[in-house]
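Trainee: I have a new model open. Can we go through it together?

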Amino acid sequence: MKQVYLILIVALFISNAHAQCFKKGSLLISLSEGTSYTTFSTSAPGNTGNSGTTANNGGIDVIHTDNITGVRDPITIEYGLTNHWGMGINMGGDIYHADPSKFYGFQTATNDIKVITSELTLDANYHFFVTRHFDLAAFASLGFSSVSFNGNDGDHSYRYRSGGLLVRTGTRARYYITKRFGVLAMVSTFATRNGTDGVKGNTVGNGYSSTVKGSAIEFGLCYRVLR
């Protein structure tokens with residue numbers, strides 16, 4: 001009888017292992033949307049002549065710093081290397097509204113521009129709690145980012161682009177309603193600094209670096225393509 005119990009326990013364990021919603025060979029695609037809560041600041045070399053300068057640090061003037069809320073909209077793809085570890089990429093960005101006269105030293109008719117931050121990162125994910133329907137993972141991301149805006153103000157056009165590196169860490173939870181389709185929630189913190197060195201074609205803000213750091217909350221949908 002003990003042998004029967006042991007066989008049943010082993011069979012149950014194997015059955016549950018194969019029923020996990022994340023495992024080696026899984027391919028996941030996630031689409032999410034959320035809100036970023038950031039500290040957005042710009043800086044430039046000293047003696048820029050900008051009246052908005054608020055501080056000086058080693059010859060670098062902090063032009064302006066403010067708390068800005070943005071809209072976030074990324075796509076994430078992940079592949080399971082083991083039953084707990086996965087690697088993936090994240091592509092997306094955020095949209096903010098900022099006053100150019102404060103951040104970048106020029107004016108528009110409304111003094112309101114749409115600033116877009118974009119990112120492409122490589123993600124390492126550790127799935128530390130996985131069941132048939134629920135998947136909870138921690139992740140760390142490192143990659144490239146950019147801050148850009150462009151538009152027209154009457155007869156005058158303006159363009160700005162800067163690039164740099166981004167670091168993001170967080171936790172992602174998925175709940176599968178069916179075998180392959182589910183919903184997700186995610187929280188993260190991030191930091192990025194973007195400069196204009198080597199960037200050509202800017203008509204405003206040349207030499208201004210854009211620093212964005214803060215946290216994000218996201219909700220969305222996920223789909224398991226493989227396994």
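Predicted model: local features only at pLDDT ≥ 70, side-chain atom pairs only at ≥ 80, totals over all residues.

Trainee: How many strands are in the chain?

Mentor: Read along the sequence. The pattern is α-β-β-β-β-β-α-β-β-β-β-β. That goes with two helices. The strands number ten.

Trainee: What share of the residues is buried?

Mentor: Buried here means under 20% relative accessible area. The chain has 227 residues. The buried share is 41%.

Trainee: How many residues does the largest nonpolar core have?

Mentor: Look at the residues with the most contacts inside it, among them Phe40, Tyr96, Val115 and Phe149. Strands E1, E3, E5, E6, E7 and E8 each give two or more residues to this core. A second, separate core has seven residues, including Cys21 and Leu184. The largest core has 19.

Trainee: Which tyrosine is in contact with valine 115, leaving aside neighbours within four places in sequence?

Mentor: Contact means heavy atoms within 4.5 Å. Valine 115 touches Phe40, Val147 and Phe149, among others. Its list also includes Asp94 and Ile95.

Trainee: Which residues form the covered face of strand E4?

Mentor: Start with the uncovered face: Ile75, Ile77 and Tyr79. The covered face holds Thr76, Glu78 and Gly80.

Trainee: In which sense does E4 pair with E1, and with E5?

Mentor: E1 and E4 share five bridges, with leucine 27 opposite tyrosine 79. Six bridges join E4 to E5, and a hairpin of four residues links them. Glycine 80 stands opposite glycine 86 in E5. For both pairs, the sense is antiparallel.

Conventions. Residues numbered from 1 in each chain as written. Heavy atoms only, no water. Buried < 20%, exposed > 50% of the residue type's maximum accessible area, 1.4 Å probe, protein only. Core = buried A, V, L, I, M, F, W, Y, C linked by side-chain atoms within 4.5 Å. Pairing = 2+ DSSP bridges.
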